[in-house]
Amino acid sequence: MATQQNKIIIITAPSGSGKTSITRHLMNVFPQLAFSVSAATRPPRGNERNGVDYYFISADNFKEKIQRNEFVEWEMVYEGKYYGTLKNELDRIWHKHQVPILDIDVKGAIHVQQQYPEQTLSIFIQPPSVEELKKRLEGRGTETNESLAARVNKASYEISFKDHFNKVIVNDELGHACQEAEQVVGKFLNDGS
Ligand code: ADP
Ligand code: 5GP
């Protein structure tokens, strides 16, 4: 059984499904969780900070890191926009005896699961519908028309992967979804500890 130090929790879903909201809730409830900061080539939005929300890097820098084999997984999630989980980010968190929580897309989630099958809990957050997801993204007010369309267009494709994950949670009412996530994560963290 996995030890606490090398467990991994993945929260995956189409953008706008509520991953960030549910991840924040889980981090408030379980202090042993640490957010795995991904590298990304998109520009920061709103209050996002480098090294906190993402390591915002150039496409050239990202490609160098691919060459140097520094990623556990990486994907071009949207046209020309790269995102990836760095090996040394997971090591940094495990060294602190914490459990990394990854907010990554479905393809990346499947790759991490394949590499760490015994120690990973993967949760797919399903929006009630693509129409509702679009409304939430519009309500969040963070996207340009173009990036909103890219996210909505990709959502159905991403939902078709949901059966690859350990648990599917429908985020209809946020409080219920958070409670359900809390239960599954609590059990996973206690297993084998
Ligand atoms: P993601 O990280 O998956 O892109 P967010 O957590 O940012 O998603 O949620 C997208 C938007 O939808 C945010 O404005 C958030 O406050 C809102 N939201 C999340 N869950 C719900 C819900 N169950 N009902 C209504 N709005 C929600
Ligand atoms: P956003 O631009 O809205 O922050 O994220 C867009 C998408 O990229 C989301 O689905 C998010 O989960 C995903 N993402 C963020 N970091 C990573 C990562 O390191 N790897 C992969 N594969 N996807 C990521």
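Biologist: Before we start, what are the ground rules?

Modeller: This is a predicted model, where local features need pLDDT of at least 70, side-chain atom pairs count only at pLDDT 80 or more, and totals for chains, interfaces and linings use all residues. Residues are numbered from 1 along each chain as its sequence is written, chains are lettered from A and ligands numbered from 1 in the order in which they are written, and side-chain values use heavy atoms, with hydrogens and water left out.

Biologist: Okay, β7: are its residues buried or exposed?

Modeller: Terms first: strands are DSSP runs of E with at least two residues, helices are H or I runs of at least four, and both are numbered from the N terminus. Buried means under 20% relative accessible area, exposed over 50%, and partly exposed in between, with a 1.4 Å probe and protein chains only. Here, five of the five residues of β7 (99-103) are buried. Val-99, Ile-101 and Asp-103 make up one side, Pro-100 and Leu-102 the other, and both faces are covered.

Biologist: Which strands pair with β7?

Modeller: Two strands pair if DSSP finds at least two bridges between them. β1 (residues 8-12) runs parallel to β7 with three bridges, and Ile-10 has Leu-102 as its bridge partner. β2 (residues 33-35) is also parallel to β7, again over three bridges; there, Ala-34 partners Pro-100.

Biologist: On to ligand 1. Which residues come nearest?

Modeller: A residue is near a molecule or strand if one of its heavy atoms lies within 4 Å of it. Ligand 1 has 14 such residues, and Gly-16, Thr-20, Ser-21, Arg-140 and Asn-171 come nearest. For polar contacts, look for N or O pairs within 3.5 Å; within protein, one atom must be able to donate a hydrogen and the other to accept it, and residues adjacent in sequence count only if both atoms are side-chain atoms. A backbone N or O atom of Gly-16 is 2.7 Å from a ligand 1 oxygen, and a side-chain N or O atom of Ser-21 is 2.6 Å from an oxygen of ligand 1. Alone, ligand 1 exposes 570 Å², and the protein buries 76% of that; such areas come from the Shrake-Rupley method with a 1.4 Å probe, and for residues only the protein chains shown count as cover. As for the shell around ligand 1, α1 gives the most, with three residues.

Biologist: And ligand 2: how much of its area does the protein cover?

Modeller: Arg-151 has a polar side-chain atom 2.7 Å from an oxygen of ligand 2. The protein covers 97% of the 510 Å² that ligand 2 has on its own. The largest share of its shell, four residues, comes from β5.

Biologist: Last one: what should I make of a positive phi?

Modeller: Most residues other than glycine have a negative phi, and most peptide bonds are trans. Asn-69 has a positive phi, near 60°, in the loop between α2 (59-67) and β5. Asn-69 is exposed, at 51% relative accessible area. His-97 also has a positive phi, about 60°, and lies in the loop between α3 (87-95) and β7. At 52%, His-97 counts as exposed too.
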